[in-house]
Structure formats: C-alpha cells, structure tokens
Amino acid sequence: MKLTIDSAAELLNGTQMPRLGLGVWRAKDGEETENAVLAALEAGYRSIDTASLYGNERSVGRAIRASGVPRENVFVTTKVWNDEQGYDSTIAAFKRSLERLDMDYADLYLVHWPVVGKYKETYRALEDLYEQGLVRAIGVSNFNISHLEDLMGSCRIKPMVNQVEMHPLLTQKQLLAFCRKEGVQLESWRPLMQGRLDHPLIAGLAEKYGRTPAQILIRWQLQLGVVTIPKSSKAERIRENADVFGFELEPEDMAAIDELNENRRFGADPEHIDF
C-alpha cells in the first residue's frame, strides 16, 4: 500500500484516523502551540493530539479555527487525566475539554493512564459520550495487554485506539501483535526517542536513504501500520517530519530496526504509575 500524508487507518467503527499527526505535549499554551498547529496544518497534517494535562487545548482550538481548514477535516484527540478519572468526573472533564477546544465534539477521547480501580468506570463514561455522539471514537493510552484484557472483559465498546510509548528501543512487539489481533489501532507517542537520534544504525540508514534520522524512525512506524504523532514546536521540523512519503524502508532495514529493542522506556511504566 502506498502511503501519503492523507493516508488513514480505519478504526473498528469505520472512522478514518490519519496515520501521521502532531503531538503538542509540553508545547506552551499560546503562541508556541498555535504556531505549531498552524505549521502542521499548512504542511498537510490533519491530526492534532492534545490532552487536558497539557494545558494547551484552547490554543489547539484557536489554531484550527484560524487555519481555515474545515473542522470536519481535522482529527482532534484529547484525553482525560488521572485526577479526573471516575464516571462523573470524566463526563465533567470531557465537557471542560470541549469548552477549551471550543468544539461541539472530539474525534478521539482517550483514558490517559490505567489508574487502578478507576479506569473501568472512566471508560464507561467514554462509552456513554460516544453513544451520545459527542466523540467519534474512544480508546485508551498507556495500556498494557493485561489492562486491555481486563477492560475488554467488561466493556460494551472495544477500545478503538491504544496510544503508547513506542520507538526502536521499545518496539512493543507483543502489544502490537495483540492489538492487531483485536483490531485495536496502536498509536505511538515519543516516536523519536526524546531526541536520541544518534544511534549508529539509524544514522547509517539516514545516510543510505538520504533522509534524517527522525524521518527514518517515523517511516519505520508508518510501515508497521502504527499511527504516529511526533512532537515539535518548530515549523521547519514539523515540515521535515511530514516528508516521509517519498521513500520506503526495505524489509531488511525494517528488521534491523526491530532488533534494536531494549524494552527501554523514557516515560513511566504503566504497571507502576503514582501520578
């Protein structure tokens, strides 16, 4: 399948989710976030990933309105934070997110982390929001296989997306295989290893293909069928991260990147969260 910047993954309910998006974690509210979102939309991105925790939902909404791109053409993801979890508090948190975004609906709403004793009730709220037509798709973030199995044992609507840390040092092969089997779309955050792009293999492949190390990592994920949301606040880097559709990694190079796995996380382990 030939990939383009317009390529989308089809979720379990038929919703089309762009395969490449912009993440705005740690982007400052105001000009930094607005300029990043505007640059992304100008470069052809049609997916923006934010969260209540990030504190920049208002800026995301303003930038989308200022871009001139019709709202229905932009896939907007946001998430319920840990201290907002629980049924009633999640409903209230979602309404606050919509108010900050100044939108009538979200395209994807996620449970940000699997808070023990709360994530099932939180997800039940997401199911109700979905059935009310307030969100086009629902899912989870940072869920391991055990969390997914536990949730799917009682939920009415299977999670459509699982957004997790994934990169060559944390390839998540078992989780990827499980999600593929269940029809859950895996999405990657921190795909660029928090800027650690000096690995000899990645540098060598960048030279081989005449690309940047970041472009090699993004292309690897896209070819795996993973949705990816590299974060940048710089317009030049945002454009560069989108320039990954004019080449294809050969099978042996895909396999070589897979072999870099060290099960190394730069973020928290979902099995041990205390925030």
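Leaving aside its neighbours within four places in sequence, which residues is Gln215 in contact with? The close-ups below take up that question and a few others, using a predicted model.

**View 1. Gln215 and the residues it touches.** Once the neighbours within four places in sequence are set aside, Gln215 is in contact with Glu240, Asp243, Val244 and Phe247. You'll find Gln215 in helix H8, which covers residues 213–223. Is Gln215 buried or exposed? Its relative accessibility is 5%, so Gln215 counts as buried; the cut-off for that is under 20%. Its side chain also reaches the backbone nitrogen of Thr212, at 2.9 Å. For a sense of scale, take Met160: Gln215 and Met160 are 55 residues apart in sequence, and their C-alpha atoms are 27 Å apart in space.

**View 2. Helix H6 and its buried side.** H6 takes in residues 173–182, and here Leu175, Leu176, Phe178 and Cys179 are buried. Why do these four sit on the same side of H6? They cover an arc of only 165° around the axis, and that puts them on the same side. Now look at the face of H6 turned away from the buried side, where the exposed residues Gln174, Arg180 and Lys181 are carried. As for what covers the buried residues of H6, the list includes helix H5 (145–152) along with strands S8 (161–165) and S9 (185–189). After H6 comes Gly183, with a positive phi near 80°.

**View 3. Thr171, in the loop between S8 and H6.** What does Thr171 touch, not counting residues up to four places away in sequence? Its partners are Met166, Trp220, Asp258 and Asn261.

**View 4. Helix H10 and its buried residues.** H10 spans residues 251–258, and its buried residues are Asp253, Met254 and Ile257. Looking down the axis of H10, you'd see these buried residues fall within an arc of 105°, so they line one face of the helix. What covers them? The cover includes helix H7 (200–209) and also H8, the helix that holds Gln215 from the opening view.

Methods. Residues numbered from 1 in each chain as written. Predicted model: local features only at pLDDT ≥ 70, side-chain atom pairs only at ≥ 80, totals over all residues. Heavy atoms only, no water. Buried < 20%, exposed > 50% of the residue type's maximum accessible area, 1.4 Å probe, protein only. Helix = DSSP H or I, 4+ residues; strand = E, 2+ residues; numbered from the N terminus. Arc of directions from axis to C-beta. Contact = heavy atoms within 4.5 Å. Polar contact = N/O pair within 3.5 Å; in protein donor to acceptor, adjacent residues only side chain to side chain.
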